[in-house]
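This briefing walks through a single protein model, topic by topic, for a reader who has the sequence and the coordinates at hand. Please keep both open while reading.

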Amino acid sequence: MTPQWLAEHRDEVVLADARMYLDGRNAEAEYLQGHLRGAVFVDVGADLAEHGRPEGGRHPLPTPEHFAAAMSRAGIGDSTTVVAYDDAGGVMAARLVWMLRTTGHRAALLDGGLDAFPTDERERHRTVLPTAEFTPAPWPREALATIDEATHGPVVVDARDRTRFAGHTPDPVDPRSGHIPGAVNVPCREHLREDRTLQPVEALRERFEAAGVTDASRMISYCGSGVTACHNLLVAEHAGLGNGRLFPGSWSQYSHTDRPVETSPTS
C-alpha cells in the first residue's frame with residue numbers, strides 16, 4: 001500500500017503500528033515516542049503470539065480466541081481494512097498482515113513504513129479506538145507447515161540475515177546456529193531499498209526465482225520465530241508467485257530439537 005493511497009483513504013482504514021525489536025527495545029515505548037497519526041499499537045509479541053513451552057518456538061501462533069480478543073481491543077473488526085507498518089520496512093508488521101489475510105480479512109503493508117511520512121506528522125499520545133467485533137477463525141491448515149514438513153519440504157526458504165543462516169557464530173537468541181538442512185536463504189530485509197520501500201516487482205521475482213521459488217505454493221517460509229518469514233510470504237505473493245506456507249515455530253523451534261543442522265560452506 002502506497003503512502004499516497006493511504007492519504008486518500010485514511011478514514012476508511014485502521015492504521016496499525018506493529019513494530020518489534022530483537023535488541024531489547026520496548027516496542028510500545030518506541031510507539032509512544034512517535035507514531036503515525038491515528039495509528040493503534042499492536043504488540044507483536046503479546047497480541048500475535050502465544051507463549052508457552054520453549055520447544056514450541058518463541059512466537060507460536062496464538063489461539064484464534066487470543067488473536068480475536070487482541071484485534072477487538074485494538075478496534076479492528078471483521079469488516080475492517082487494516083494498513084500495518086513498522087520502522088523496519090514492514091518485516092515485523094508483516095506478521096499482522098499475514099495473520100489477518102490468512103483468516104479472510106483485508107490488510108496490507110504500508111510501503112516504506114514509519115519513514116513514509118515526515119516526522120512532523122507523528123504523534124506521541126496513544127490512539128484508542130472503540131472495541132470492535134472480531135470473530136475467531138481457525139488457522140487454515142493449508143497455510144501452515146509442521147516441523148516435519150519444513151524438514152522435508154520441496155522448497156524451504158529462510159528469511160533471516162545471511163550471518164544467522166550461515167551459522168558460523170553463536171546464534172544471538174536461539175540454542176543452536178545454522179539452518180534447516182536443504183533450506184535456501186532469501187533474507188527478507190534485502191527486499192528493501194535504502195529508503196525501506198520495496199524493490200520493483202521484477203527484482204523481487206528474480207530474487208525468489210534465483211533461490212528456486214517459481215511457484216510459492218511449493219514454498220515453506222521460516223525465520224527465527226515465524227515473524228519475518230511472513231514478509232517473505234507477502235512479498236512472494238506481491239511478486240506474482242502465489243501463496244506459500246508458514247512454519248510458525250521456525251528456527252526457534254527447530255533449534256530446540258536434536259534434528260540435524262546445516263551451516264553454509266566457508267570461503
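The buried residues of α5 are Ala94, Arg95, Leu96, Val97, Trp98, Met99, Leu100 and Thr102. The model is a predicted one, and in it helix α5, which spans residues 94–102, is mostly covered, with eight of its nine residues buried. After α5 comes glycine 104, which has a positive phi near 90°.

**Strand β4 and the β-α-β unit**

- Together with strand β4 and strand β5, helix α5 makes a β-α-β unit that is right-handed.
- Strand β4 covers residues 81–85 and is mostly covered, since five of its five residues are buried.
- The side chains of β4 are divided between two directions, with Thr81, Val83 and Tyr85 pointing one way and Val82 and Ala84 the other way, and all of these residues are buried.
- In a regular strand, side chains alternate between the two faces of the sheet.
- Strand β5, at residues 106–109, pairs with β4 in the parallel sense over four bridges, and within this pairing valine 83 has alanine 108 of β5 as its bridge partner.
- Strand β1, at residues 14–17, runs parallel to β4 and is joined to it by four bridges, with aspartate 17 standing opposite tyrosine 85 of β4.

**The sheet that contains β4**

- Four strands form an open sheet in the order β3-β1-β4-β5, and their pairing is parallel.
- The edges of this sheet are held by β3 (40–41) and β5, each of which has a single partner strand, so one side of each is left without a neighbour in the sheet.
- Strands β1 and β3 pair in the parallel sense over two bridges, and in this pairing aspartate 17 stands opposite phenylalanine 41 of β3.

**Alanine 46**

- Helix α3, which covers residues 44–47, contains alanine 46.
- Is alanine 46 buried or partly exposed? With a relative accessible area of 38%, alanine 46 is partly exposed, because buried is taken to mean under 20% and exposed over 50%.
- Between alanine 46 and serine 79 there are 33 residues of separation in sequence and 23 Å in space, taken from C-alpha to C-alpha.

**The sheet that contains β7**

- A further open sheet of four strands has the order β8-β7-β9-β10, again with parallel pairing.
- Its edge strands are β8 and β10 (245–246), each of which pairs on one side only.
- In strand β7, at residues 155–158, Val155 and Val157 point one way while Val156 and Asp158 point the other way, and all four are buried.
- Strand β9, at residues 219–222, pairs with β7 in the parallel sense over four bridges, and the bridge partner of valine 155 in β9 is methionine 219.
- Strand β8, at residues 184–185, runs parallel to β7 and is joined to it by two bridges, with aspartate 158 standing opposite asparagine 185 of β8.

**The largest pocket**

- The largest pocket has a volume of about 310 Å³.
- Its lining is made up of 18 residues, of which Met1, Leu109, Leu198, Leu234 and His238 are the closest to the centre of the pocket.
- The elements that give two or more residues to this lining are α5, β5 and α9 (229–238), and α9 gives the most, with five residues.
- Sorted by class, the lining of the largest pocket holds nine nonpolar, six polar and three charged residues.

**Annotation from the record**

- An unreviewed UniProt entry places the feature "domain: Rhodanese" at residues 9–126 and at residues 150–263.
- In the model, the span of residues 150–263 is 29% helix and 11% strand, and its end C-alpha atoms lie 17 Å apart.

Conventions: Residues are numbered from 1 along each chain as its sequence is written. This is a predicted model: local features need pLDDT of at least 70, side-chain atom pairs count only at pLDDT 80 or more; totals for chains, interfaces and linings use all residues. Side-chain values use heavy atoms; hydrogens and water are left out. Buried means under 20% relative accessible area, exposed over 50%, partly exposed in between (1.4 Å probe, protein chains only). Two strands pair if DSSP finds at least two bridges between them. A crossover is right-handed if, with the strands pointing away from the viewer, the path from the first strand over the helix to the second runs clockwise. UniProt positions are given in the numbering used here, feature names are shortened, and annotations may be inferred rather than shown by experiment. On a 1 Å grid over the protein atoms alone, a cavity is a set of points where a 1.4 Å probe fits but cannot get out, and a pocket is an open set with protein on both sides within 12 Å along at least five of seven lines; lining residues have an atom within 4 Å of a point. Grid points are joined across faces, edges and corners, and a volume is the space filled by probe spheres set on the points. Ala, Val, Leu, Ile, Met, Phe, Trp, Tyr, Cys and Pro count as nonpolar, Asp, Glu, Lys and Arg as charged, and the others, Gly among them, as polar.
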